[in-house]
Structure formats: C-alpha cells, structure tokens
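Trainee: I have a protein model open and would like to learn how to read its features. Please take me through them in order.

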Amino acid sequence: MNALIIYVSIHHGNTGKVAKAIAEILNAKLVNPWEIKSEELLKYDLIGFGSGIYYWKHHRALFKLIGNLPEMRGKKAFIFSTAGINIPFINHRKLRSALGKKGFEIVGEFSCRGWDTNGWLEKIGGINKGHPNEKDLENARRFVEKLKSMI
Ligand SMILES: Cc1cc2nc3c(=O)[nH]c(=O)nc-3n(C[C@H](O)[C@H](O)[C@H](O)COP(=O)(O)O)c2cc1C
C-alpha cells in the first residue's frame, strides 16, 4: 500500500510524534502540506491528514491544500490530531467536512491529548505535560495496524 501522511505540528511537536509513529507502521512518506503539490496526492492509496487543534480545528495549511485538490472521489483518507482538550467529535468536524466535500472516503480517525501551553495555560506549566506519551503512541500504532488490515 502506498501511503502518505500530511501533517502540521507547530506548538510542541506533539502531532509530529504521532505522525512519525504511524508513518513507520505504514511505511508512509511524511510531509508538511506546503511541501507537496496537490496533483501528487493522486498517486497514493491512503492519505493521513493531521495536526494539533488550534481554536477548535486543524491547522489552516491543511485546509488550503485540500481546497486546491481536484475531485478525489473514493480516495481513502484518515484524520488524526493532538489537542489540549481531546474531543475529536468536535475538533475533527471541519476537516471531516472539507475532506468529504472533495469526495474522500474517511476510513478512520485517531486523536490523543497533547501538551498545551497556549495562552494563560503557560503560567501553570500547561496541561497534558508529557503527552503524547508512549502509551498514546502505542494506541496510534494500533490504530494504523487496524487500518492496514482493513484496506
Ligand atoms: C494557538 C493555539 C490554539 C489552540 N487551540 C486549541 C483548541 O481550540 N482546542 C484544544 O483542545 N487545544 C488547543 N490548543 C492545544 C493544541 O491543540 C495542543 O497543544 C496540540 O497537541 C499541539 O500540537 P502540536 O505540538 O503538534 O502543534 C491550541 C494551541 C495553540 C498553540
């Protein structure tokens, strides 16, 4: 399977840790959205899109790339994130919708907590310090193992 992972990780590198862990399992190419041309996505069987959650949604660079894509009907995708408050039902909503509009088939979603020192949280050392931890990364690996066996 030819897999690609597109991610943004700007706060503490939290999502980058998850992206690397799952890329190893999938043997996937790992890129930032600004490093790849939209037509290049056509050659992959499975594409993962992930970032930290910034004001209740994924990073805008992911939306910019997706906005420039041609119709991707039936192309398999998954979503992942790390967040201060891990509520994927809400945090993934906008990305889920953007991918759906382009015709992607979303085959799975993964999220975990990430160290968050945004704004006043910095004064108390942040929340979720140490996350993603090894257990979070193990859950991420298990998530993609399962995807691999389904596809
Ligand atoms: C500018 C900013 C906005 C954020 N907004 C949210 C948010 O709306 N909800 C949330 O749960 N976490 C929020 N966070 C916390 C990040 O989602 C969390 O720290 C994440 O793990 C960062 O991932 P990264 O290190 O890969 O960038 C925010 C962090 C920053 C810096």
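Trainee: What should I know before I start?

Mentor: This is a predicted model, so local features need pLDDT of at least 70 and side-chain atom pairs count only at pLDDT 80 or more, while totals for chains, interfaces and linings use all residues. Residues are numbered from 1 along each chain as its sequence is written, and side-chain values use heavy atoms, with hydrogens and water left out.

Trainee: How many salt bridges are there by the rule used here?

Mentor: Side chains of opposite charge can pair when their charged atoms come close. The rule asks for a side-chain nitrogen of Lys or Arg within 4 Å of a carboxyl oxygen of Asp or Glu. The count comes to seven salt bridges.

Trainee: Which residue does E105 pair with, and how far apart are the closest N and O atoms?

Mentor: E105 pairs with K76, and their closest N and O atoms are 3.5 Å apart. E105 lies in strand β5 (residues 105–113) and K76 in strand β4 (residues 76–83), so the pair ties together parts that are 29 residues apart in sequence. Helices (H or I, at least four residues) and strands (E, at least two) are DSSP runs, numbered from the N terminus.

Trainee: Are E105 and K76 buried, exposed or partly exposed?

Mentor: Buried means under 20% relative accessible area, exposed means over 50%, and partly exposed is in between (1.4 Å probe, protein chains only). The areas come from the Shrake-Rupley method with a 1.4 Å probe, and for residues only the protein chains shown count as cover. E105 is partly exposed at 38%, and K76 is partly exposed at 26%.

Trainee: What is the N to O distance between R73 and E71?

Mentor: The closest N and O atoms of that salt bridge are 2.9 Å apart. R73 is exposed, at 63%, and E71 is partly exposed, at 48%.

Trainee: Which residues form a positive surface patch?

Mentor: Patches are made of residues with over 30% relative accessible area and no salt bridge; like charges are joined within 9 Å, and nonpolar side chains (Val, Leu, Ile, Met, Phe, Trp, Tyr) within 5 Å. Lys and Arg count as positive and Asp and Glu as negative, while His and the chain ends are not counted. The place of a charge is NZ of Lys, CZ of Arg, CG of Asp or CD of Glu. Here K57, R60, R93 and K94 form the positive patch. R93 belongs to helix α4 (residues 93–101) and is partly exposed, at 48%.

Trainee: Which residues make the nonpolar surface patch?

Mentor: Y55, W56, I85, I87 and F89 make it, with an area of about 610 Å². F89 sits in helix α3 (residues 88–91) and is exposed, at 61%. I87 is in the loop between β4 and α3, and at 31% it is partly exposed. The C-alpha atoms of I87 and S111 are separated by 8.2 Å, although these residues are 24 places apart along the chain.

Trainee: Which residues does H59 touch?

Mentor: Contact means heavy atoms within 4.5 Å. Not counting residues up to four places away in sequence, H59 touches V8, I10, S51, G52 and Y54. H59 is in the loop between β3 (46–52) and α2, and at 12% it is buried. G74 lies in the loop between α2 (60–67) and β4.

Trainee: What is the phi of N27, and what is the phi of N128?

Mentor: Most residues other than glycine have a negative phi, and most peptide bonds are trans. N27 has a positive phi near 55°, and N128 has a positive phi of about 65°. N27 is in the loop between α1 (14–26) and β2 (29–31) and is exposed, at 70%. N128 is in the loop between β5 and α5 and is buried, at 12%.

Trainee: Is the peptide bond from H131 to P132 cis or trans?

Mentor: That bond is cis, with omega near 0°. P132 is in the loop between β5 and α5 (134–150).
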